[in-house]
Protein chains: 4
Amino acid sequence: MADLTALALVCTLTASPAPSSSELMAQHILDQLKGQGADTSLVRVVDHDVKRGVLTDMGDGDEWPAIREQILAADILVLSTPIWMGHPCSVAQQVMERLDAELSETDDQGRPIMYGKVATVAVVGNEDGAHKTIADMMQGLNDVGFTLPAQGGTYWVGEAMQTVDFIDLDKVPDPVASTNAGLARNAAHLARTLRASQYPAE
Amino acid sequence: MADLTALALVCTLTASPAPSSSELMAQHILDQLKGQGADTSLVRVVDHDVKRGVLTDMGDGDEWPAIREQILAADILVLSTPIWMGHPCSVAQQVMERLDAELSETDDQGRPIMYGKVATVAVVGNEDGAHKTIADMMQGLNDVGFTLPAQGGTYWVGEAMQTVDFIDLDKVPDPVASTNAGLARNAAHLARTLRASQYPAE
Amino acid sequence: MADLTALALVCTLTASPAPSSSELMAQHILDQLKGQGADTSLVRVVDHDVKRGVLTDMGDGDEWPAIREQILAADILVLSTPIWMGHPCSVAQQVMERLDAELSETDDQGRPIMYGKVATVAVVGNEDGAHKTIADMMQGLNDVGFTLPAQGGTYWVGEAMQTVDFIDLDKVPDPVASTNAGLARNAAHLARTLRASQYPAE
Amino acid sequence: MADLTALALVCTLTASPAPSSSELMAQHILDQLKGQGADTSLVRVVDHDVKRGVLTDMGDGDEWPAIREQILAADILVLSTPIWMGHPCSVAQQVMERLDAELSETDDQGRPIMYGKVATVAVVGNEDGAHKTIADMMQGLNDVGFTLPAQGGTYWVGEAMQTVDFIDLDKVPDPVASTNAGLARNAAHLARTLRASQYPAE
């Protein structure tokens, strides 16, 4: 029986049902997390009307609050984003902006509301930009209270100045598959550990 | 008589007519550019329905093509963005994604279409993130063909972990005003120089 | 009685005994960690002859191996660095390069050798660059196997284009002191938790 | 007859005469610059005793001042660096720290001393990190007064999580060779243009 909940936020520019490399990468990680005892779900953010802004609810039909509820219900967040111009996709940055609001949100013991949750980062691109994208996302997620498990980032990019996509590959390359397996193992372990032993209140 | 054209793209999250720190910073730079002989205009990107994607025209009412025409008509681009979570605003990253399409666009001599244009970057935030935001924006703009004048970046942020906005200041701080003046002087000089002596075709 | 060991690596450009802002920040965090039950020590990296390279031991009088032994003996690492040009100091990047070797080192159960250790990042500068420096350091430390506690980064920078140093302040500003206290509380909790429940081997 | 001077600073961790990917990349660019009418030279920074610090001359046998003279004599700077942990090499960051001192240096008309010089950036690595490294280096070089020509960055990295070096390739890949040729063409044009028409003094 699953005792953990994992949510992937896929930050592709492309609406469903078009195929997406960042969704494929997220799905691969969720499969690994299932093997670690997690119930999993996946949200492609652009399929929803997420308003621009830095509040938990921007009103006016904003669909972020529903996504936020899924984050709050999850033990593990997988943020998956493509690289554009060497940077995290604008959709991933928009997620960061919405999460910025959580700096003011606390649980019933006064702790930042994301304390105890584990975040991991997955990045795909044609050719370059993964480490920087992981860095930007990890720093933002950590800042709002997520804990980052050992080797909590994974990625695939092709050779410089090439145009192959992750979805064009015949299979997940072995080092990526191995990294994803380790990431899932560590995230699940850390999430269970923190649930059993939450950070102390001030 | 003005012999140069300068366009500011303001990448705030906030729609007009609400005040915006990044618009105020852009306006200050445009004032300096007027003094250097430029006709100036300003676009607050979120006031327009710019679609997500990496094409010059995403169709379906996309208002980017009209903004793109203004970029193509300008000698100098001022990209002005706030900082969120230490990163460029999602709107600035979206502009990068739309500019990515220009990697395939050429002029009638086969040169990348932005060759000969000058770009500058302006950044505002409460407390931190300016150099990194300038770095990300300069690299993207340079990659699509803009030339960056000496000391082509400017910024204001307050002390760490504080919340004052640029629009809250009584006046533009002296070192920022001096930086903006130099930026405008250099951008105007370089734009004129490159117009008189465009990069050679291959 | 202390049941944890914390080590600060101070990455200032300046040799002892000259005062150092990044050392002062590290010392403040170590004081907090003492209050959480940790034995603490501090290494100013430039006081030692750390050779350039990406091996655990570069030979030829290399003093990194002795520092490495202290890292391996610690439960918590505090990496403290100044900002230069908006980037992590070259000394901090040199530490990253030496830690790169740990990607090939494993414990007796085949786990990456840094698994179970907790890392935090402290950054000081005159005016800007903290979030980006935290991002680069967190990504590197996480990549070699450190776990990052909730809100595991802290920093101080002054207003844009100013020149005050952290060591020039009358006292640690309240929001920085509060951040440091939370960082120490979370790091100590996470280190104890992981020691009681280490990541599983493959 | 050569009418331009180009200097490559190679920021590998490895002392001569060992082969170096970042030197090979720099040499390829210098060959292109020769074809554009430049006299070229190359400095492998680690072959010299460059002291840590942020002054033009740190004394005590510091060999940076001699390198600095070569920079001041050059029209075009090619900064070539490997990637470690996804970041610019510590040697490249050390060059940035030494260049930081130039923010206070002016020519006989009061202009920042690097005004009129053109900088380009070359990056090599096994697998990822080029765009970010270019971003960090461009921002720093621009900040101290270098002008960045259109498409002034070039790079090679292999597929994610692989270990092939640039020096292991049979030849420079076609898109890299084409990028290097364009970079050299643009840098030479811009350097000549700025020499004929230097930035105005305040």
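How many of the nine residues of strand β3 (residues 76-84) of chain C are buried? In this predicted model, nine of the nine are buried, so strand β3(C) is largely enclosed by the rest of the structure. A residue is termed buried if 20 or more other C-beta atoms lie within 10 Å of its own, exposed if 12 or fewer do, and partly exposed in between, with C-beta atoms placed from the backbone. Helices (H or I, at least four residues) and strands (E, at least two) are DSSP runs, numbered from the N terminus.

Residues are numbered from 1 along each chain as its sequence is written, while chains are lettered from A and ligands numbered from 1 in the order in which they are written. Because the model is predicted, local features need pLDDT of at least 70 and side-chain atom pairs count only at pLDDT 80 or more, whereas totals for chains, interfaces and linings use all residues. For the complex, the predictor gives an ipTM of 0.98 and a pTM of 0.98. Chain A has an average pLDDT (the predictor's confidence in each residue, from 0 to 100) of 97, and 100% of the residues score at least 70.

Strand β3(C) pairs with other strands of chain C, pairing being assigned if DSSP finds at least two bridges between two strands. Strand β1 (residues 4-10) of chain C runs parallel to β3(C) and is joined to it by five bridges; here C:Leu9 stands opposite C:Leu79. Strand β5 (residues 118-124) of chain C is also parallel to β3(C), with seven bridges between them, and C:Ile76 faces C:Val118 of β5(C). An antiparallel pairing of two bridges links β3(C) to strand β4 (residues 87-88) of chain C, in which C:His87 is the bridge partner of C:Trp84. Strands β3(C) and β4(C) form a hairpin with two residues between them, and C:Met85 in the turn has a positive phi of about 60 degrees.

The contact between chains A and C takes 27 residues from each chain, two residues being in contact if their C-beta atoms, placed from the backbone, lie within 7 Å. On the side of chain A that touches chain C, α4 (130-143) and α5 (174-196) of chain A each supply at least two residues. Helix α4(A) gives the most to this side, with eight residues. By class, this side of chain A has 12 nonpolar, 12 polar and three charged residues; Ala, Val, Leu, Ile, Met, Phe, Trp, Tyr, Cys and Pro count as nonpolar, Asp, Glu, Lys and Arg as charged, and the others, Gly among them, as polar. The same surface serves both copies, since 100% of the contact residues of chain A recur in chain C. Superposition is by least squares on the C-alpha atoms of residues with pLDDT of at least 70 in both copies.

A further contact involves 16 residues of chain C and 16 residues of chain B. On the chain C side, α4 (130-143), β6 (153-156) and α5 (174-196) of chain C give two or more residues, with α4(C) giving the most, four residues. This side of chain C has nine nonpolar, four polar and three charged residues. Chain C is superposed on chain B (RMSD 0.0 Å) by a rotation of 180 degrees with 0.0 Å of shift along its axis. Of the residues of chain C, C:Glu159 comes closest to the rotation axis, at 2.2 Å (C-alpha).
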